[in-house]
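Please look over this protein chain and its fold.

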Amino acid sequence: MESLKTNSVLDAKGLACPMPIVKTKKAMNNLEGGQVLEIQATDKGSKADLKAWAESTGHQYLGTLEEDDVLKHFIRKASGEEVAEKRHPIVVSNEDLEATIASGKDVLILDVREAAEFAFNHIPEAISIPLGELEDRYAELSKEKEIYVICRTGSRSDLASQKLTENGFVNVKNVVPGMSNWAGNTTSITK
């Protein structure tokens, strides 16, 4: 395959979410507007994660090429003034979500991690829609219902919360820090 011209290459192979995004943010700081960064990753979830992150920051997601087991993502840095990363404004803690669950309130818990992450450890009441599938599955969700969005660390859930809000969902909350520090009940395919 012909190699694409890039200004910098970032090796994020072997890293899981949120590390490819964390390293990409740092690498983008070293680029000038208009330059292209190639991110090499092995985490299958990085495709949806990096695309959503680029969109939320104003950078241009160019696409992904797959070679063997390596995903090569290409992002063009936004020109002009440094673009501030958008964040979903409504954030709740793990403890807030635990209290809501305990109260018996009718809410929807949306887990946007990859299917395998969800299968091995998730909140019993949660439904699984990976971030990369969210746009195709909006119809499965109620726009009026209170939605708590969770992932491993709060990064993917932040991006998902933004997408939901932009598409008419009115009561969306990002759960931080997410499953990495979840102390409440969980279930698994192994239980």
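## E146 and its surroundings

E146 touches K105, V107, L108, N171 and K173, leaving out residues up to four places away in sequence. Contact here means heavy atoms within 4.5 Å. E146 sits in the loop between β7 (127-128) and β8 (147-150). Helices (H or I, at least four residues) and strands (E, at least two) are DSSP runs, numbered from the N terminus. With a relative accessible area of 10%, E146 is buried. The classes are buried under 20% relative accessible area, exposed over 50%, and partly exposed in between (1.4 Å probe, protein chains only).

Two polar contacts involve the E146 side chain. One goes to the side chain of Y148 at 2.8 Å. Another goes to the side chain of K173 at 2.7 Å. A polar contact is a pair of N or O atoms within 3.5 Å; within protein, one must be able to donate a hydrogen and the other to accept it, and residues adjacent in sequence count only if both atoms are side-chain atoms.

## Basis of the model

This is a predicted model: local features need pLDDT of at least 70, side-chain atom pairs count only at pLDDT 80 or more, and totals for chains, interfaces and linings use all residues. Residues are numbered from 1 along each chain as its sequence is written, and side-chain values use heavy atoms, with hydrogens and water left out.

## N174 in strand β9

N174 belongs to strand β9. Its relative accessibility is 2%, so N174 counts as buried. The N174 side chain makes a polar contact with the side chain of S157, at 2.4 Å.

Which residues does N174 contact, leaving aside neighbours within four places in sequence? They are H88, I90, V91, V92, V149, G154, S157, D158 and S161.

N94 lies in helix α3, which covers residues 94-103. At 0% relative accessibility, N94 is buried. Setting aside residues up to four places away in sequence, N94 touches V175, V176, P177, G178, N181 and W182. The N94 side chain reaches the backbone oxygen of G178 at 2.9 Å. N94 and T6 are 88 residues apart in sequence, and their C-alpha atoms are 40 Å apart.

D96 is also in helix α3. Is D96 buried, partly exposed or exposed? D96 is partly exposed, with a relative accessible area of 39%. D96 and T165 are separated by 69 residues in sequence and by 20 Å in space, C-alpha to C-alpha.

## Backbone features

Two cis peptide bonds deserve a look. One joins C17 and P18, with omega at about 10 degrees. P18 is in the loop between β1 (8-12) and α1 (19-29). Another cis bond runs from V176 to P177, with omega near 10 degrees. P177 lies in the segment after β9 (172-176). P177 is also among the residues that N94 touches.

D68 is not a glycine, yet its phi is positive, about 55 degrees. D68 is in the loop between β3 (60-67) and β4 (70-76). The relative accessible area of D68 is 74%, so D68 is exposed.

## The chain as a whole

The protein chain has five helices and nine strands. From the N terminus on, the order is β-α-β-α-β-β-β-α-β-α-β-β-α-β. Along its principal axes, the C-alpha trace spans about 55 × 40 × 30 Å.

Of the 191 residues, 46% count as buried. Among contacts between residues at least 6 apart in sequence, 71% join residues at least 24 apart. The accessible surface comes to about 9600 Å², and 49% of that belongs to carbon and sulfur atoms. Areas come from the Shrake-Rupley method with a 1.4 Å probe; for residues, only the protein chains shown count as cover. The chain has 23 positive and 30 negative side chains, and the centres of the two sets lie 2 Å apart. Lys and Arg count as positive and Asp and Glu as negative; His and the chain ends are not counted. The place of a charge is NZ of Lys, CZ of Arg, CG of Asp or CD of Glu.
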